[in-house]
Amino acid sequence: MKYILALDQGTTSSRSIIYDEFLQPVASAQREFTQHFPQPGWVEHDASEIWDSIVSTAREAVAKAGIKPQDIAAAGITNQRETVVVWDRATGEPVHPAIVWQDRRTGDFMDALRGEGKEALIQERTGLLLDPYFSASKIHWILGEIPNGHTRALVGELAVGTIDSWLIYKLSGGKTHVTDVSNASRTMLMNIRLGCWDAELLALFGIPEAVLPKIVSSSGRLAEIDASFLGHSVPICSAIGDQQSALFGQLCTRPGMVKCTYGTGCFLLVFTGAEAIASSNRLLTTVAWRIGDGRMEYALEGSVFMGGASIQWLRDGLGIIRSAPEVNELAARVPDSGGVVLVPAFTGLGAPYWDSAARGALLGMTRGTTAAHIARATLDGIAFQVADLVAAMEKDSAKKITTLRVDGGACASDLLMQTQADILGVEVECPSNIESTALGAAMLAGLGAGIWPDIDALSAIRNTERRFEAQTAPRDRKAKLKTWKRAVKRARKWETNL
Ligand code: ADP
């Protein structure tokens, strides 16, 4: 039996999972690490703590699986995207805390670029919208902050990377400084059509190319894990950003196939194949992956900030449930929300609105409204936001979406999935293994190591466990969406102090 080690480096925890060659999980280990919030809007991680959490969980998973490290045919990495690490090449130590994707400190810098009229150029080259979320402004900030940052970067003393790049550097014992195309496409420094760093963008952000990793494929022989870590060297055969990995894990490998991950937020991606579709509806165009020597393939992406987090608010903010799964029992007590609409714009609205001044709104309440109606409206609110993303994708790609593949913690809710099918009028498919993110990295690593000859061989392994058919008449669906739109209008631009 051959095994694959998937390293899943997320925003709040690191996990290592060992899969067998039938993609069945054999053992896993997980470790949370510290979130640092030094100022309002700032979010940092200690890159050394992340590294420790990856090595220790990998060792633990191998021990639990009871296998020898030489039985691991390949390792694959999937990771939180956009977060940046800057380290000293001589010592291999970070020179500054990692700045996390959620960090807003470079908002003014991005506003200044907008003021200079750079938005169209950036969107055209990178597929991204002007926002501090992406890596470039964070790298600019760190190089400006540390003593002689720009000079040290220019002469090659410093190295920069997203989390995939940092982990590969450390795992290879400092030998390999690379990043995969999917992670590179989130830096705002790569030309997504050419797959190389863009000189004009590097100049705009004041980042010398010498500091950046080499861009490589998402699947193939990328590096070797040094024998000192697991007792035997293991080839690293994949690296891919978490959302793209989930897209692959769901085997959305034909153009038009869509997945939605329902975690804290919701991430919807449609695979568009060799075509990088420029969005007219404020979605992101992003690299899905490049496999071996193949061509780059693309996706359109949209996200919702408050997905499962809206359910957490019912638990922690309102206190009407004690645990997230209880929402289903409470919401099922009523046949519908009784006219109540929750717009979960607690932290603003993401695509396609991008309205940071929007705030949460609970509308349509009467004397008959109960906690059950509010719970039901919360599930509806998650599904309506995803429906807005689907509508934007259909406009951009000029294709009707017919099936939605789902994963993530909140897709455990049958009621939410049925609501989603009803609101969209499409079939919703949930696989038996909802850990699509780690699975995608394992599949790509196995392909890179030659365990499977091609993607078709993987299709035989994936299976759908639960299916939800739309049960609402199109007229009712339209009426519901119209009410939702009216509610969104009231929630928008609410905060006037921004
Ligand atoms: P993340 O990876 O973003 O931390 P997960 O994929 O672990 O998120 O999903 C966690 C989310 O799923 C939580 O926000 C929680 O509210 C929701 N959730 C977990 N179990 C259920 C359930 N049975 N029904 C509805 N929502 C759930």
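**Basis**

The model is predicted: local features need pLDDT of at least 70, side-chain atom pairs count only at pLDDT 80 or more, and totals for chains, interfaces and linings use all residues. Residues are numbered from 1 along each chain as its sequence is written, and side-chain values use heavy atoms, with hydrogens and water left out.

**Overall fold**

The protein chain holds 17 helices and 23 strands. Helices (H or I, at least four residues) and strands (E, at least two) are DSSP runs, numbered from the N terminus. The radius of gyration is 22 Å, close to the 23 Å that the globule rule gives for 498 residues, so the chain is as compact as a globular protein of that length. That radius is taken over C-alpha atoms, and the globule rule is 2.2 Å times the number of residues to the power 0.38. Along its principal axes, the C-alpha trace spans about 70 × 55 × 40 Å.

Of the 498 residues, 59% count as buried. Buried means under 20% relative accessible area, exposed over 50%, and partly exposed in between (1.4 Å probe, protein chains only). The chain exposes about 19,600 Å², and carbon and sulfur atoms supply 51% of this area. Accessible areas come from the Shrake-Rupley method with a 1.4 Å probe; for residues, only the protein chains shown count as cover.

Contact means heavy atoms within 4.5 Å. Among contacts between residues at least 6 apart in sequence, 71% join residues at least 24 apart.

There are 50 positive and 55 negative side chains. The centres of the two sets lie 6 Å apart. Lys and Arg count as positive and Asp and Glu as negative; His and the chain ends are not counted. The place of a charge is NZ of Lys, CZ of Arg, CG of Asp or CD of Glu.

**Nonpolar cores**

A nonpolar core is a set of buried Ala, Val, Leu, Ile, Met, Phe, Trp, Tyr and Cys residues joined through side-chain atoms within 4.5 Å. The largest one has 68 residues, of which Leu189 and Phe205 touch the most other members. Helix H15 gives the most to this core, with 8 residues. A second, separate core has 57 residues, including Val258, Val343, Val390 and Ile401.

Leucine 189 has contacts beyond four places in sequence; among them are Ala136, Ile139, Trp197, Leu202, Phe205 and Leu212.

Helix H14 (residues 414-424) has 10 of its 11 residues buried, so the rest of the structure largely encloses it. Its buried residues include Gln418, Gln420 and Asp422. Glycine 425 follows H14, and its phi is positive, near 70°.

Helix H11 (residues 308-318) buries Gly308, Ala309, Ser310, Ile311 and Leu314. Helix H12 (326-331) and helix H13 (371-397) are among the elements that cover these residues. Just after H11, glycine 319 takes a positive phi of about 70°.

**Backbone exceptions**

Most residues other than glycine have a negative phi, and most peptide bonds are trans. The peptide bond from alanine 351 to proline 352 is cis, with omega near -5°. Proline 352 sits in the loop between strand S19 (341-343) and strand S20 (361-363).

Two residues other than glycine have a positive phi and are listed below.

Glutamate 297 is in strand S18 (residues 296-304). The residue is buried, with a relative accessible area of 16%. Leaving aside neighbours within four places in sequence, glutamate 297 is in contact with Phe271, Gly273, Val287, Ala288 and Trp289.

Serine 432 lies in the loop between strand S22 (427-431) and helix H15 (436-448). At 35% relative accessibility, serine 432 counts as partly exposed. Not counting residues up to four places away in sequence, serine 432 touches Asn463 and Glu465. Serine 432 and tryptophan 166 are 266 residues apart in sequence and 32 Å apart in space, C-alpha to C-alpha.
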